[in-house]
Amino acid sequence: MNCDWLDIFTTILGLVYIWLEYRASIWLWLVGVVMPALDIVLYWRHGLYGDAGMACYYTLAAIYGFLFWKFKKSGKTDTELPITHMPLKYYLPATAGFFVAWGITYYILVTWTNSTVPLLDAFTNALSFVGLWALARKFVEQWLFWIVVDVVCCYLYVTKGIPFKAALYGLYVVIAVAGYYKWKKMVHHHAV
């Protein structure tokens, strides 16, 4: 088993990140800048070029998420952005965005890299775009996107020899299920 300090360190950061996300803490975005910046190097070294590119996006999206959570207020009040369900009007654009991102990422991977897993690498990247957007908006359904991403990533990281990241994503699946139910309860709590 070949593992390195970057695999271990980013796994620890990932545990902190998911704990903060579960708690709906704005500080998840700070970890969300540092961890993917380091993941770029980790994934590139293991031939997961789509994931390396996605880590670039995660770094930028974490800045957006922080600003959105910090400055987007609930309606006309000055309260924190609430956890809500994703409005139906977003399902079609989110689905279309997913398929476009999947196709573009797949094309890039097969055309300009030597990726051995372009279909799955592109899939997790495309669904992560949607998941991160939904997280930034505090939609409960973001957890459902992450469950699928985490299962596929766990498999990919096992096959690519990144064992600590694989274990982390296995744990992410469990936490994402728990997070989904917790956030659903928080929606009902805010609605009362």
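Reply: Let us begin with a term that will be needed: two residues are in contact when heavy atoms of theirs lie within 4.5 Å. Please keep in mind that the model is predicted.

Me: With that term in hand, which residues does Leu168 contact, leaving aside its neighbours within four places in sequence?

Reply: Leu168 is in contact with Thr10, Thr11, Gly14 and Leu15. Leu168 itself belongs to helix H7.

Me: Is Leu168 buried or exposed?

Reply: The general idea is that a residue counts as buried under 20% relative accessible area and as exposed over 50%, with partly exposed in between. Leu168 has 2% relative accessibility and is therefore buried.

Me: How should I read the overall fold, and how many helices and strands does the protein have?

Reply: One lists the elements in the order of the chain. The protein has seven helices and zero strands, and its pattern along the sequence is α-α-α-α-α-α-α.

Me: What can be said about its dimensions and its radius of gyration?

Reply: The C-alpha trace spans about 50 × 35 × 25 Å along the principal axes. For the radius of gyration, one compares the value with that of a compact globule. With 192 residues such a globule would have a radius near 16 Å, and the protein has 16 Å, so the two agree.

Me: How much of the protein is buried, and what makes up its accessible surface?

Reply: Buried residues account for 47% of the 192 residues. The accessible surface is about 9900 Å², and 73% of it belongs to carbon and sulfur atoms.

Me: Where does Arg137 lie, and which residues does Arg137 touch?

Reply: Arg137 is placed in the loop between H5 and H6. Not counting residues up to four places away in sequence, Arg137 touches Tyr64, Phe68, Trp69, Leu81 and Pro82. The C-alpha atoms of Arg137 and Trp69 are 7.7 Å apart, although the two residues are 68 residues apart along the chain. Arg137 has 24% relative accessibility and so counts as partly exposed.

Me: What is the geometry of the pair formed by Trp143 and Trp183?

Reply: Trp143 and Trp183 are also edge-to-face, with 5.6 Å from centre to centre and 90° between the planes. Trp143 lies in helix H6 (residues 142-159) and Trp183 in helix H7 (residues 163-191), so the pair ties together parts that are 40 residues apart in sequence. Trp143 is buried at 0% relative accessibility, and Trp183 is buried at 0% as well.

Me: Which residues form one aromatic cluster?

Reply: The cluster consists of Tyr43, Tyr157, Tyr169 and Tyr172.

Me: Finally, which residue other than glycine has a positive phi, and where is that residue found?

Reply: One case is Ala24, with a phi of about 60°. Ala24 sits in the loop between helix H1 (5-22) and helix H2 (28-45), and at 12% relative accessibility Ala24 counts as buried. Lys138 is another case, with a positive phi near 60°. Lys138 lies in the loop between helix H5 (118-136) and H6, and is buried at 2% relative accessibility.

Conventions: Residues are numbered from 1 along each chain as its sequence is written. This is a predicted model: local features need pLDDT of at least 70, side-chain atom pairs count only at pLDDT 80 or more; totals for chains, interfaces and linings use all residues. Side-chain values use heavy atoms; hydrogens and water are left out. Helices (H or I, at least four residues) and strands (E, at least two) are DSSP runs, numbered from the N terminus. The radius of gyration is taken over C-alpha atoms; the globule rule is 2.2 Å times the number of residues to the power 0.38. Buried means under 20% relative accessible area, exposed over 50%, partly exposed in between (1.4 Å probe, protein chains only). Accessible areas come from the Shrake-Rupley method with a 1.4 Å probe; for residues, only the protein chains shown count as cover. Rings of Phe, Tyr and Trp (its six-membered ring) pair if their centres lie within 6.5 Å; planes under 30 degrees apart count as stacked, over 60 as edge-to-face and the rest as tilted.
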